[in-house]
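Hi there,

Could you have a look when you get a moment?

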Amino acid sequence: STRVGYSGGTKKNPTYYSLGDHTEVIQVTYDPKVVSYKKLVKLFFSNHYFRSKCSSKQYRSGIWYQGEEQKQVVNDIVGGLKKDGAVYTHIAPLGDFYLAEDYHQKYFMKRGRGY
């Protein structure tokens with residue numbers, strides 16, 4: 001399952017209209033018996049362009065990992081990608097996650113354009 005929210009910044013209780021220095025993020029809950037973290041990270045990189053810099057923290061590419069095992073998986077994958085050029089995805093440990101407003105949850109699905 002997924003939830004959208006805000007993370008990576010210092011502002012307490014951000015909202016869409018008062019985001020501060022946070023990034024809009026997706027929180028993914030998954031069963032590692034069904035899909036591995038490594039597969040999810042590879043899927044992440046196969047579904048967006050990570051070779052260009054984003055001038056906005058709000059929309060930057062990022063992975064916020066939980067724990068050393070996830071950090072190693074991300075670093076291994078990024079290391080392989082860097083062999084072919086720069087990777088501008090922000091990588092950092094997960095800090096606070098703030099759930100976005102209800103109207104942002106399942107945004108495209110609510111509008112008949114779900115993924």
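A word on pairing to begin with: two strands count as paired if DSSP finds at least two bridges between them. Helices (H or I, at least four residues) and strands (E, at least two) are DSSP runs, numbered from the N terminus. With that in place, E1 pairs with strand E5 (residues 97-99) in the antiparallel sense, over 3 bridges. Within this pair, Ser 7 has Phe 97 of E5 as its bridge partner. Strand E1 (residues 2-7) also pairs with strand E2 (residues 23-28), again in the antiparallel sense, over 6 bridges. There, Thr 2 has Val 28 of E2 as its bridge partner.

Please keep in mind that this is a predicted model, in which local features need pLDDT of at least 70 and side-chain atom pairs count only at pLDDT 80 or more, while totals for chains, interfaces and linings use all residues. Residues are numbered from 1 along each chain as its sequence is written, and side-chain values use heavy atoms, with hydrogens and water left out.

**The overall picture**

The protein has 3 helices and 5 strands, and from the N terminus on the order is β-β-α-β-α-β-β-α. Along the principal axes, the C-alpha atoms fill a box of roughly 40 × 30 × 25 Å.

Contact means heavy atoms within 4.5 Å. Among contacts between residues at least 6 apart in sequence, 67% join residues at least 24 apart. The protein exposes about 8000 Å², and carbon and sulfur atoms supply 53% of this area (Shrake-Rupley method with a 1.4 Å probe; for residues, only the protein chains shown count as cover). Of the 115 residues, 29% are buried, where buried means under 20% relative accessible area, exposed over 50%, and partly exposed in between (1.4 Å probe, protein chains only).

In soluble globular proteins, nonpolar side chains tend to be buried together. What makes up the largest nonpolar core here? It has 11 residues: Tyr 37, Val 41, Phe 45, Phe 50, Ile 63, Tyr 65, Val 73, Val 74, Ile 77, Val 78 and Val 87. (By nonpolar core I mean a set of buried Ala, Val, Leu, Ile, Met, Phe, Trp, Tyr and Cys residues joined through side-chain atoms within 4.5 Å.) Helix H1 (37-46), strand E3 (62-65) and helix H2 (67-82) each supply at least two residues of this core, and H2 gives the largest share, with 4 residues.

Leaving out residues up to four places away in sequence, Phe 45 touches Phe 50, Ile 63, Ile 77, Val 78, Leu 81, Val 87 and Thr 89.

H1 has Tyr 37, Val 41 and Phe 45 as its buried residues. They lie on the same side of H1 because they cover an arc of only 75° around the axis, the arc being that of the directions from the helix axis to the C-beta atoms. These buried residues pack against E3 and H2. On the face of H1 turned away from the buried side are the exposed residues Lys 39 and Ser 46.

**A few single residues**

- Gly 62 lies in strand E3 and counts as buried, at 16% relative accessibility. Not counting residues up to four places away in sequence, Gly 62 touches Phe 44, Thr 89 and His 90.
- Gln 70, in helix H2, is buried with a relative accessible area of 15%. Its contacts, leaving aside neighbours within four places in sequence, are Tyr 30, Tyr 37 and Tyr 65.
- Asn 13 lies in the loop between E1 and E2 and is exposed, with a relative accessible area of 59%. Its phi is near 50°, a positive value in a residue other than glycine. Most residues other than glycine have a negative phi.
- Asp 84 is in the loop between H2 and strand E4 (90-93) and is exposed, with a relative accessible area of 66%. Asp 84 and Arg 51 are 33 residues apart in sequence and 9.8 Å apart in space, C-alpha to C-alpha.

Best wishes
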